[in-house]
Amino acid sequence: MKKFLVSVIIFSVILGGLVALLSANYAKSAEGNFVSAIRLKHERLNSFKGPRVMFAGGSNVAYGIDSREIEDSIKLPVTNLAIHAGLGLDFMLSELKHSARKGDYIFLSPEYYLDEGRYKLDEEAADSYPEAKHYLKNLAINDFPIFVDGIIEQMKTNKDVLFDKLSKKMFGAKKETTIASITSFNEYGDVVAHLNRPAPATIKDKKAFEYRYWDGIQKINALAQYAKENGIHLYFVFPTYSRNAYTINKAVIKRYQNDLATNLQIPVINAPEDFVYDDSEYYDTVYHLRKNARELRTQKLISIIKPYTML
Amino acid sequence: MLFNSLEFAIFLPIVFFLYWFAGKGNTRLQNIIILFASLFFYGCWDYRFLFLLSFSILLDFYSGIKISEATTPRSKKLWLITSITINLGFLLFFKYYNFFVQSFADMLLNFGLQANVWTLRIILPVGISFYTFHGLSYVIDIYKGRSAPTRNLIDYSVFVSFFPLLVAGPIERASHLLPQVQQPRTFTFEKASDGLRQILWGLFKKIVIADVSAMYANEIFSSNANLHASTRVLGAILFAFQIYGDFSGYSDIALGTARLLGFELLKNFNYPYFSRDIAEFWRRWHISLSSWFKDYVYIPLGGSRGGKLQAVRNTFIIFLLSGFWHGANWTFIFWGGLNAVYFLPLLLFNRNRNNIEIVAKGQTLPSFRELTAMLITFAQVTFAWIFFRAESLGYAFHYIKGMFSKTLLSTPEVFPKTQLVIIAIFLVIEWMGREQPYAIAGMTVQIPRPVRWSFYFMIIFAIVIFKGSPQQFIYFQF
């Protein structure tokens, strides 16, 4: 037994060292990376005096709306705060809580089943914009699974980066399917760099959901309470989603929608099918709209939100 | 609590330490620890079903004693029938009630009669098919005089509820496991490290091979789009690896966990995808279920003793039963029937025992003939898996129809290159280790520790980096 336990301990120690080595965030302080756009977005947001309109969520919002057009239409200053679903729902809600003030309008449009952050993007964002340190969640003991997930995701990211580098070195591949730079955004906070680029052959993230009650509802309700107490208008908007992925998940999304309708304490102002477009209208994932559908979505979004911004 | 969950990663070391340290040298105390651990493990799914499990344990324990004590053949038989009826009654009710009612209503509808059927919202208790079969084999063996009953309720409870095998087997026999429960277990370094190694391999199969293949197979099987024929073929192949990685991975974890606690469970898989004919496949796939049906159904029905016709009849019976055992759906029954059809020519021409030894034993590569035979068998099995995977027979035929078109040679719309490379590497490792109890069992002390450990680290990192979204073990629903 002693020999076994000693072996297990030595094995675990070496494994722990390797995990630490392989899960370090080597790209953490890259200048001008995608999430560093958070600084520009908040500079814009803070430059307005009166009531403001904010769009929040993951990259489905970042890639898929034309904020300039919305601003022109509703005659209120618009900032697209959305960057990446990998920042996680906790980070986004905390960001809104810290940023919104009385009279503001928030349209929250998270991806389906959005939960905790990935790839340590929240830390990267906080590196670029120190104010965002306040948005970071302090992990409690029952968040241990999240901590483990974070390590795993970072290792996956490191693997992807390594494989990309190797493939470029070996095959000279121009594998540039993501728009991973601060320069991808316009002054409103929308990602625009993809609009004139050819789309990759296939779109990613087309997965089948397994129904579960989304614990994001409870988290949004906490923000709803804060918004109510502080005169902030908070609304829930369903994200865009590719037709094929929507069809696969239709039954689950229906139940998800019912849960929101029953339990969410803020108005849900549209339906999931409102922003469903053919797969060919998407750029690289089931959430990233290309030019044409981005325009269609923007027009529809304006018609949906306009009555609420006149309150 | 799933084997591939964080909860199990905490649960197992706690049980291990309590078992070997607190229960040191005291078999009774060790058995009590296992029993509580097993009930906790099972209760994590739904504590209400603990009552059902306990009832099943008490029923068979008591029936076993009564059968052995019975003085007349009639009372012996009465106790056996009582036990079988109640056991199968529960199984039929929980698993098949709605199926029978709905099928009856559908049949009436065919005759133009509309029936308002009364279906129930029944939750299927996890593992009911497995522990029911444990109990049945116990009482039948006592009735047949093949084993003696135990009078120790704790020992018997451990036999039925032993947590590594409780929810998805292997289906153990009392004659194999009960003596191990009753006798002292000794800890050895070799056994324990072998157990850990098998757990690691099982996790790799489940998390990397099964779960990732499942992501793509689900996408293909659930797509309503007009997919290329090549995509559908790929979907079926990915499902073949999903179900193999899922179930054999589970069995590896179960066997490894049991070995950590000093137990040896029955081997459940023996490289089935390297089989050269369907008979060999069924000797290598879910071995504990196949042998159960053989011992408790096929042989009592007369086996092949009454000539070809009887052998054919009995073969169809056990394949159809096996299909039905898997679930209350015509797809499973059809899957069972199709396998019986595959089996038929082998049986008729006495070729069903042609391939007993593992393929290309002692050689590095198979012959061309062996390779062809393996590929044909794999194709047959994969084709049958479509029925197993499909939601309905109609969908299965629709799916198959889509596999035969001009687009068979075009690039599949869903083409997971990385996963296919991983499956290829996995097959190479399985091939190299095919004469071992499990593929990496040869990684023993003969190989220098740095090499061995580097290999383990690579598997661990492969699990972490390539893991797919967690999927329920397929066989839990059975």
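The legends below describe close-up views of a predicted model. Local features need pLDDT of at least 70, side-chain atom pairs count only at pLDDT 80 or more, and totals for chains, interfaces and linings use all residues. Residues are numbered from 1 along each chain as its sequence is written, and side-chain values use heavy atoms, without hydrogens and water.

**View 1. Packing of helices α4 and α5 in chain B.** Helix α4 (residues 73–110) and helix α5 (residues 128–143) of chain B have axes 10 Å apart and an angle of about 170°; helices are DSSP runs of H or I, at least four residues, and axes are lines fitted to C-alpha atoms over the stretch in contact, with angles from 0 to 180 degrees between N-to-C directions. α4(B) and α5(B) are therefore roughly antiparallel (over 145 degrees).

**View 2. Residues between α4(B) and α5(B).** Residues of α4(B) in contact (heavy atoms within 4.5 Å) include B:Leu80, B:Ile84 and B:Phe94. Among their counterparts in α5(B) are B:Phe133, B:Leu136 and B:Tyr143. The residues of this contact divide into 12 nonpolar, 4 polar and 3 charged (nonpolar: Ala, Val, Leu, Ile, Met, Phe, Trp, Tyr, Cys and Pro; charged: Asp, Glu, Lys and Arg; polar: the others, Gly among them).

**View 3. Interface of chain B and chain A.** The two chains bury about 2400 Å², 81% of it on carbon and sulfur atoms (accessible area, 1.4 Å probe, lost on being put together and summed over both). Chain B contributes 27 residues and chain A 24 residues.

Notes
Chains are lettered from A and ligands numbered from 1 in the order in which they are written. Helices (H or I, at least four residues) and strands (E, at least two) are DSSP runs, numbered from the N terminus. Angles under 35 degrees count as roughly parallel, over 145 as roughly antiparallel, 65 to 115 as roughly perpendicular and the rest as oblique.
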